[in-house]
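I opened this model to get my bearings. My notes below follow the order in which I looked things up.

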Amino acid sequence: MSFRWAVPERSVDHPSFPTLPVEIYLEILERLAPLGQKLSLEQTKTLTRFAGACKLFCHIALPRIYERVDLVGRVYHKHDDLSARREASWFTRISAREDLVLWAVKCVKECNLRGVVLPSNNSSAVSVFAERYTSIFRHTINMRRLTFTNCLIENEHWRAMMTLGALEELCIYHCVFTEAPQTTQPNHPVKISVPSVEFYRDDDDNTDDNASVAAEKLDLGRLRSLKTDVGFAELLNWPQDCILEQLHVSRINYSNPEHQAVLKPILRQTGQRVAELMLVFSDHIFLPDFGSHLRDIIPDNSQNLRSFTLVVDAITREHVEAREMSSLVCRYIGFSPTMERLVVTSPIALSVPAWWRGTALGRRFTPSQPLSSDHVQDITLKIILPVFPEINYVEIYRTALRLEGCSWAKVRAT
């Protein structure tokens, strides 16, 4: 999805195209807007003025300007605050099939929609939203990443997403869905086929009705990366020839017997090819026998793991010492000889005032300081390395070591 500057070639119709060597144009644009960085407001304005100078500059700059588009609420944003009138004008020009606008839409590689949740009784507004935004999707044939955050996703959106053949990443955060569409057109895709999916619900949303709409529309046969919560992962019907390589499962409540019952079948169905596994536990009680819980959820068919990340809550972090936790992890995932990266961590808590840390309750719930590098190296050499001889990165409670040559060096935690 990385952008590359390009200059149109000289043609008969434009004999002065270009008048300078290609390298000069590329150097100018690289200084105006370095590649790999999101455009700032000032950079967007500068490139817009640059694009308006002539056709050549327009063809050079427009793909960079429209590489990423944000649609916030019911107002279109292109890294600045554009009015609703300009939003309507933009959609109108798309509907009118103006050549320049259609070409700009084809340059979109990433589209982010945020905060588009409309009242259920405002059916006209819902229709306008679905019609306008899906009209973009029909022309974004080169879109690679699509993100919905706090949005109402209508049937029209599902149908439009199914036609995005170049889509590589679909991210859905805290959204509301209508009933899944029933496609009756012949030769029309009935599921969204995309290699990477991120799907997260609100923390207080424990219902499956909403998430089941999205679960029904995903084609798991092509899915290689999934980041989601345990409730949504349970709704997916995994094929026997699953090719999943990266799996992140969050919101695992180890005081909830249902999570323990469903997590192991999920990992068993997906574990044969998974190389990167992350499990995030989010509870606020201490589980005395955490080792048994870990043993009961990790299947022994996850033998291709190269990276394993275990995130525990702060209370478990305080009760299970780093050496003991490392021993538990090695004991119950030691069947994976290809392990190269091992992380055991807990969420970084917000800073707390000194007076709170001095109280009995504060001493109990304030996270400990990061471990010393010597301590982590001792754990690595004595506990982890004998089990995982291919290990080259170890991170324990925010202290990280990387194997460089024949020695372990402290690096910044990821």
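These entries go from the whole chain to single residues.

**Ground rules**

I am reading a predicted model, in which local features need pLDDT of at least 70, side-chain atom pairs count only at pLDDT 80 or more, and totals for chains, interfaces and linings use all residues. Residues are numbered from 1 along each chain as its sequence is written, and side-chain values use heavy atoms, with hydrogens and water left out.

**Confidence**

I looked up pLDDT, the predictor's confidence in each residue, from 0 to 100. The chain has a mean pLDDT of 77. A value of 70 or more is reached by 75% of its residues. Residues 75-86 stay under 50. For this stretch the model has 25 contacts beyond four places in sequence; contact means heavy atoms within 4.5 Å.

**Whole chain**

I found 16 helices and 16 strands. Helices (H or I, at least four residues) and strands (E, at least two) are DSSP runs, numbered from the N terminus. The chain has 414 residues, and 47% of them are buried. Buried means under 20% relative accessible area, exposed over 50%, and partly exposed in between (1.4 Å probe, protein chains only).

I then checked the contacts with a separation of 6 or more: 68% of them join residues 24 or more positions apart. The accessible surface is about 20,900 Å². Carbon and sulfur atoms hold 50% of that surface. These areas come from the Shrake-Rupley method with a 1.4 Å probe; for residues, only the protein chains shown count as cover.

**Cavities**

How many cavities of 30 Å³ or more are there? I get two. A cavity is a set of points, on a 1 Å grid over the protein atoms alone, where a 1.4 Å probe fits but cannot get out; lining residues have an atom within 4 Å of a point. Grid points are joined across faces, edges and corners, and a volume is the space filled by probe spheres set on the points.

I picked the second largest cavity, with a volume of about 30 Å³. Its lining is made of L247, L267, T270, G271, V274, L277, S302 and L305. By class, I find five nonpolar, three polar and no charged residues there. Ala, Val, Leu, Ile, Met, Phe, Trp, Tyr, Cys and Pro count as nonpolar, Asp, Glu, Lys and Arg as charged, and the others, Gly among them, as polar.

**Helix α11**

Is α11 mostly covered or mostly open? Helix α11 spans residues 290-297 and is mostly covered, with six of its eight residues buried. The buried ones are F290, G291, S292, H293, L294 and I297. Their cover includes α10 (257-270), β11 (276-281), β12 (307-311), α12 (314-319) and α13 (322-333).

T228 sits in strand β9, residues 225-229. T228 counts as buried because its relative accessibility is 0%. Beyond four places in sequence, T228 is in contact with F199, Y200, A233, H248, V249 and S250.

F232 belongs to helix α9, residues 230-235. F232 is also at 0% relative accessibility, so it counts as buried. Beyond four places in sequence, F232 touches F199, R201, A211, A214, A215 and L218. R201 is 31 residues away from F232 in sequence, yet their C-alpha atoms are 8.5 Å apart.

**S346 and Y397**

I found S346 in the loop between β13 (341-345) and α14 (354-357). Its relative accessible area is 5%, so S346 is buried. Among the residues that S346 touches are V311, D313, R317 and Y397.

Y397 is buried, with a relative accessible area of 1%. Although Y397 is not a glycine, its phi is positive, about 50 degrees. In general, most residues other than glycine have a negative phi.

**H174**

H174 is not a glycine, and its phi is positive too, about 55 degrees. I place H174 in the loop between β6 (169-173) and β7 (176-177). H174 is partly exposed, with a relative accessible area of 29%.

**V387**

My last entry is V387, in helix α16, residues 373-387. V387 counts as partly exposed because its relative accessibility is 29%. Leaving aside neighbours within four places in sequence, V387 is in contact with C330 and G334.

Definitions and conventions: On a 1 Å grid over the protein atoms alone, a cavity is a set of points where a 1.4 Å probe fits but cannot get out, and a pocket is an open set with protein on both sides within 12 Å along at least five of seven lines; lining residues have an atom within 4 Å of a point.
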